[in-house]
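Q: I would like to learn how to read the features of a structure such as this one. Could you take me through it step by step?

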Amino acid sequence: MTIIMIFLAVIGGATLSIQAALNGRLGGNVGVFKSAFLTFSVGALVTALLIFYFEPNHAVTLMDVPKWQLLGAMCGVPYIVIMVLAVQKIGTAVATVAVIFGQLTMSVLIDNFGWLGNEAIALSPSRLAALVCLAIALFFIYSSGKVEDKKS
Amino acid sequence: MQFLLILLTFMGGMGLSVEAGLLGPLGSEVGELWATFSIFAVGAALTFLLMLFFSPRNIPSFFSQPPSLLLGGVLGPVYVVILTIATPNIGIAMTMIGILAGQIFKSLIIDHYGLFGTTERKIDVKRIIALAFIIISLVFMAQG
């Protein structure tokens, strides 16, 4: 089960990268906000179609859950705006590393305390070791990016 | 100024994890597709306002763009549905690291061949080492 879920997450990451590459080029032509709007509106349309034909009925609807559970996009959209501002001033590499560290810090905190209705997964020595390995990986990604910059 | 921007970007990243953290429980209550829809509907509303007020004027129409460039929107739901399914099962941190592994993997394969119109970037040793460390990191995470 865990393996399948990790595999799914890896596929999700690859999809996200392809999407980012496409959106990057589209954004260059029509502007970041317009390309982000396209992503969200087409995404909403596709999901609406899928719901229409494939989603089974649920006792609880989006209108019944506490409103704070609907704040997901309010936390995701600022990221788009911040990246537009930050990439110009601090560069893509630093911005990306800062985002990833932010993501990891928060996800470890949410897991550890079981915030937002998630199951708690305590911060164990092996999870800490995982974070150290990730920091090393980030260092290599960052330094490979720098080599690329020098060549171009 | 630099430091403030880095801190702001760091908080942007934290926002992404909060988003993923909200999605999992929401998905198990109302269904994965409805949870995904909530993200895209609210996101579309917010980015419409941003576009309306902050986009440069006289930008070219979507209909003047090659259709393949517009496919990003179709790929978006794939990612969000996966987030919704994976986080309740393996936790947010492991999901995030898995996604990162996918991104690096993609940058190795797709950039190497210059697929999807990306600039060709040959595989270099540092990226392979990075991917190896991310995989080790996933193994550590899986051990709990």
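Q: How many residues does helix α4 of chain B have, and what span is expected at 1.5 Å a residue?

A: Helices are DSSP runs of H or I with at least four residues, strands are runs of E with at least two, and both are numbered from the N terminus. The expected span of a helix is 1.5 Å times one less than its number of residues. Helix α4 of chain B (residues 92-113) has 22 residues, and from its first C-alpha to its last it reaches 32 Å, close to the expected 32 Å. This is a predicted model, in which local features need pLDDT of at least 70 and side-chain atom pairs count only at pLDDT 80 or more, while totals for chains, interfaces and linings use all residues. Residues are numbered from 1 along each chain as its sequence is written, and chains are lettered from A and ligands numbered from 1 in the order in which they are written.

Q: What is the span of helix α1 of chain B?

A: The 29 residues of helix α1 of chain B (residues 2-30) should span 42 Å at 1.5 Å a residue, and the end C-alpha atoms are 42 Å apart, which agrees.

Q: Which residues follow α1(B) and α4(B), and what is their phi?

A: Most residues other than glycine have a negative phi. After α1(B) comes B:Gly31, with a positive phi near 105 degrees, and after α4(B) comes B:Gly114, with a positive phi near 65 degrees.

Q: Where does A:Leu116 lie, and is this residue buried or exposed?

A: A residue is buried if 20 or more other C-beta atoms lie within 10 Å of its own, exposed if 12 or fewer, and partly exposed in between, with C-beta atoms placed from the backbone. A:Leu116 lies in the loop between α4 and α5 of chain A, and its phi is positive, near 60 degrees, although this residue is not a glycine. Because 20 other C-beta atoms are within 10 Å, A:Leu116 is buried. B:Asn58, in the loop between α2 and α3 of chain B, also is not a glycine and has a positive phi of about 50 degrees, but B:Asn58 is exposed, with 5 other C-beta atoms within 10 Å.

Q: At what angle do α1(B) and α3(B) pack?

A: Two packed helices are described by the angle between their axes and the distance between the axes. Axes are lines fitted to C-alpha atoms, for helices over the stretch in contact, and angles run from 0 to 180 degrees between N-to-C directions. Angles under 35 degrees count as roughly parallel, over 145 as roughly antiparallel, 65 to 115 as roughly perpendicular and the rest as oblique. Helix α1 and helix α3 (residues 72-90) of chain B pack at about 90 degrees with their axes 8 Å apart, and they are therefore roughly perpendicular to each other. Residues are in contact if their C-beta atoms, placed from the backbone, lie within 7 Å; here B:Leu23 and B:Gly27 are among the residues of α1(B) that meet α3(B), where the partners include B:Leu83 and B:Thr87.

Q: At what angle do α2(B) and α3(B) pack?

A: The angle between α2(B) and α3(B) is about 125 degrees, and their axes are 9 Å apart. That makes α2(B) oblique to α3(B). The contact includes B:Ile39 and B:Phe40 of α2(B) and B:Val80 and B:Val81 of α3(B).

Q: How do the α2 helices of chain A and chain B cross?

A: The axes of α2(A) and α2(B), each covering residues 32-54, come within 7 Å and cross at roughly 150 degrees. That makes α2(A) roughly antiparallel to α2(B).

Q: How many residues of chain A are in contact with chain B?

A: In this model, 96 residues of chain A are in contact with 101 residues of chain B. Helix α1(A) gives the most to the side of chain A that touches chain B, with 22 residues.

Q: Which residues does B:Ser38 touch?

A: Leaving out residues up to four places away in sequence, B:Ser38 touches A:Leu62, A:Leu70, A:Gly72 and B:Leu26. B:Ser38 is in helix α2 of chain B and counts as buried, with 25 C-beta neighbours inside 10 Å.

Notes
Contact = placed C-beta atoms within 7 Å.
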